[in-house]
Amino acid sequence: MIRLENLTKIYYADGRRNVVADRLNAVFPTGQSVGLLGRNGAGKSTLLRMIAGTALPTSGRIVSDGTISWPVGFAGSFHQDLTGAQNVRFVARIYGVDTDELVDYVDEFAGLGAKYHLPFGSYSSGMRSRLAMGCSMGIRFDTYLVDEVTSVGDAEFREKSQVVFADRMMNASSIVVSHSMPMIRRLCTMGAVLEKGRIEVFDNVNDAIAYHEYIMGVPDTVGD
């Protein structure tokens with residue numbers, strides 16, 4: 001379970017006040033996969049980072065009774081001068097999992113070959129995505145945070161990632177950000193819509209999608 005309590009996030013840029021989250025109160029129940037919807041710039045990725053603990057709220061708090069992943073596939077925290085394998089060992093130590101086991105898992109999953117032992121700074125964007133996704137899937141969490149993760153890599157790697165992620169979801173919760181409504185319908189059981197700093201939570205994912213599309217002005221084609 002993840003609970004938002006009066007969660008507020010305010011940015012100031014060029015003298016302007018931008019309210020991303022305005023005293024949000026919501027509960028994401030254990031065992032549910034929540035599709036987080038909203039227009040571009042609504043603050044979905046910022047909310048994910050706050051839930052992950054990599055961004056601090058202006059006020060309010062986030063309460064959870066389980067472990068929460070970083071945004072799945074995020075590679076921004078890897079050290080440029082360490083090899084891929086060394087970065088994975090560092091992550092394993094932080095999260096208290098077996099280092100050799102995680103290194104071996106990511107080696108097989110990412111398929112980087114000898115480049116696994118080269119500096120991360122030399123990696124292409126595709127290689128970085130493979131390493132990050134492997135690291136994300138190699139650690140078991142109670143809730144996975146997902147931000148357009150299945151769009152990375154080639155078709156074969158995307159399929160592999162989707163299969164492994166679906167397996168993880170058999171015993172975990174998730175919060176998923178995506179602009180693909182078919183993906184949201186496939187992965188999620190319920191939904192939440194972020195709009196102008198406020199959030200609406202729906203027990204049925206299709207109701208969340210319908211509300212989001214109404215806000216976005218998408219024509220209702222039901223019955224056509």
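The protein's secondary structure comes to 7 helices and 9 strands, where helices (H or I, at least four residues) and strands (E, at least two) are DSSP runs numbered from the N terminus. Its radius of gyration, taken over C-alpha atoms, is 18 Å, close to the 17 Å that the globule rule gives for 224 residues, so the protein is as compact as a globular protein of that length. The globule rule is 2.2 Å times the number of residues to the power 0.38. This is a predicted model, in which local features need pLDDT of at least 70, side-chain atom pairs count only at pLDDT 80 or more, and totals for chains, interfaces and linings use all residues. Residues are numbered from 1 along each chain as its sequence is written, and side-chain values use heavy atoms, without hydrogens and water.

**Overall**
- The C-alpha trace spans about 50 × 45 × 35 Å along its principal axes.
- Of the 224 residues, 44% count as buried (under 20% relative accessible area; exposed is over 50%, partly exposed in between; 1.4 Å probe, protein chains only).

**Helix α1**
- Helix α1 covers residues 44-52, and its buried residues are Lys44, Thr46, Leu47, Leu48, Met50 and Ile51.

**Helix α2**
- Tyr95 lies in helix α2 (residues 84-95).
- Tyr95 has 38% relative accessibility, so it counts as partly exposed.

**Helix α3**
- Asp104 is in helix α3, which covers residues 99-110.
- Asp104 is exposed, because its relative accessible area is 51%.
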